[in-house]
Amino acid sequence: MSLSLDSEVAVEDRRNALRQSTRPKAIMMIDDENAEHAGVLVDVSRTGLRIRTRACLPCGSDVIVMPPSHYALQPVRARIMRQAVRDGDEGELFELGMLFGKDSGSNRHAWFLELRNCE
């Protein structure tokens, strides 16, 4: 299954869970060296999320994703599974496909339920 995203390049959808788009929401990611990286949440599923950012973080990296402000959600650990470069109005951005960490438990479901198609 392929998804066409703002370009002629098709991206393979490897997630088994249904993706739910969300209004863009600012988030912060913290890497293993405690460096903070700003990003925008693009979509969420029960197993992961997609984030656009200016930060180039390698596949296989673990990060802690802080919830958007004004949401009563706990931070979740996620692993970067794929990375793609996207050109947009803001210039070149990295799109990160992330898998929720196994230790995320019920927090990942809370993220999905709270953030899917929210106004």
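In which helix is the place of Ala 110? Ala 110 sits in helix 1, which covers residues 105-115; helices (H or I, at least four residues) and strands (E, at least two) are DSSP runs, numbered from the N terminus. The model is a predicted one, so to speak of local features takes a pLDDT of at least 70 and side-chain atom pairs count only at pLDDT 80 or more, while totals for chains, interfaces and linings use all residues. Residues are numbered from 1 along each chain as its sequence is written, and side-chain values use heavy atoms, with hydrogens and water left out.

As for confidence, pLDDT (the predictor's confidence in each residue, from 0 to 100) averages 83 over the protein, with 81% of the residues at 70 or above.

The C-alpha atoms of Ala 110 and Leu 73 lie 7.1 Å apart, with 37 residues separating the two along the chain. Trp 111, Phe 112 and Leu 115 are the buried residues of helix 1. They fall within an arc of 95° seen down the helix axis, so they line one face; the arc is taken over directions from the axis to the C-beta atoms.

Turning to the strands, five of the six residues of strand 5 (residues 48-53) are buried. Strand 5 pairs antiparallel with strand 8 (residues 91-100) over six bridges, pairing requiring at least two DSSP bridges.

Note on methods
Buried means under 20% relative accessible area, exposed over 50%, partly exposed in between (1.4 Å probe, protein chains only).
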